[in-house]
Amino acid sequence: MAKKGVLLVNLGTPDSPETKDVRKYLDQFLMDERVIDIPKFNRTLLVKGIIVPFRSPKTSKLYKEIWGENGSPLFHYSKIQAKLLQEKLGDEYHVELAMRYQNPSIESALLKLKAGLVDSIKVIPLFPQYASASSGSVLQLVMELVSKWQTIPPISFVSSFHDNEQMIEIFAENSAKYQPETFDHILFSFHGLPERQLAKCDHTGNYCLKQKDCCHTYNDTNKFCYSAQGHHTASLIAAKMGIAKENYTVCFQSRLGKEPWVQPYTTDVLKKLAAEGKKRLLVFSPAFVADCLETLYEITVEYHEEFKELGGEHVQLVESLNDHPKFVEALAEMAVS
Ligand SMILES: C=CC1=C(C)c2cc3[nH]c(cc4nc(cc5[nH]c(cc1n2)c(C)c5CCC(=O)O)C(CCC(=O)O)=C4C)c(C)c3C=C
Ligand SMILES: [Fe+2]
Ligand SMILES: [Fe+2]
């Protein structure tokens, strides 16, 4: 009997933490027109001339800090998620894992599904909130590749799952062991995005960044907005945990370059909270489904140190969905729906 294909796609990670592999990774990643959305000539100068040569050795050092015996945590957990999903879905399904950048490539995973004679494909980008730079890029590449096939099977896409009930429950459950009530403030720190990219996703052309607090609430007008979906995820986790609005802040990390990114920046929020005398912060990172450089280094090491220098005491990360069985259930529901 023909199987149904499922393609899980995460962002990608270097093949090794060595500078040469980080260079290849950053080059492919940042040359993506959806990630640095400026004209190709300028992007090439910026990425190949400045960012990649200067950033690769620095980023290589950071990857070496988080690289475990299982390699990159992002890849390690993505492989486990795909394996557990295959076990959960059984023989009727053929699950493949791909990375948008580096390996295993989307092209190789699609070819495996084709060779497996699947009679349909469900594509699930592993990003809870939609952004053109993440899910959009995955979906575009899948469509480009499949469009060249002689026989195009029925193919469907998950665009986002920012309000997924199981995901919300896992984040809330994962935080319980830290006793959230013992912290002075809670942060929901999302991966940042240039403001320009938010505005481009606004189909009305007149809402995102044009109205005050435009995307602090999720509604029909901003339903495709990364920031609105992030605020929505945060409010659902907060509601599940019974955290009052004044006790948490949604913020955005990992800014690259000088242009404005979605605000407030996590580093600014750390400064404000330290100035208010807050000592202990609990930080969720719900833009990712697996721990990665941004959670294990930027939050756990950099923000922790930065906050201590500002007079704070502790920044505690709530771990990601990783190998949680409930997330595998969530993926299974997305795969079969
Ligand atoms: C213009 C630059 C970037 C945009 C836009 C961007 C969007 C974006 N990224 C993720 C998820 C991840 N990004 C990760 C690392 C990372 N991101 C950027 C730049 C942009 N990201 C860089 C340069 C890097 C590499 C590290 C560094 O040099 O700082 C990761 C971690 C990967 C890992 O191997 O652990 C993830 C995951 C999303 C979801 C997103 C859009 C919303
Ligand atoms: Fe990123
Ligand atoms: Fe918005």
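Predicted model: local features only at pLDDT ≥ 70, side-chain atom pairs only at ≥ 80, totals over all residues.
Local features are taken at pLDDT of at least 70 and side-chain atom pairs at pLDDT 80 or more, while totals for chains, interfaces and linings use all residues. Residues are numbered from 1 along each chain as its sequence is written, and chains are lettered from A and ligands numbered from 1 in the order in which they are written.

Visitor: How many residues of domain 2 are in contact with domain 1?

Guide: Two residues are in contact if their C-beta atoms, placed from the backbone, lie within 7 Å. Domain 1 brings 22 residues to the contact. From domain 2, the number is 23.

Visitor: Where does ligand 1 lie?

Guide: A residue is near a molecule if its C-beta atom, placed from the backbone, lies within 6 Å of it. There are 23 residues around ligand 1, with Thr 13, Thr 59, Ala 131, Cys 292 and Leu 293 the closest. Both domains give residues to this shell, so ligand 1 lies between domain 1 and domain 2.

Visitor: Which elements give two or more residues to the shell around ligand 1?

Guide: Helices here are DSSP runs (H or I, at least four residues) and strands are too (E, at least two), numbered from the N terminus. Those that qualify are helix H2 (40–66), helix H5 (132–146) and helix H10 (293–309).

Visitor: What class does Pro 104 share its cis peptide bond with, or rather, which residue is joined to Pro 104?

Guide: Pro 104 sits in the loop between strand E2 (93–101) and helix H4 (106–115). The cis bond there has an omega of about -5°. Its other partner is Asn 103.

Visitor: Is Gln 102 buried, exposed or partly exposed?

Guide: Gln 102 is in the loop between E2 and H4, and has a positive phi of about 65° although it is not a glycine. A residue is buried if 20 or more other C-beta atoms lie within 10 Å of its own, exposed if 12 or fewer, and partly exposed in between, with C-beta atoms placed from the backbone. Gln 102 has 18 other C-beta atoms within 10 Å, so it counts as partly exposed.

Methods. Domains from an automatic or database assignment.
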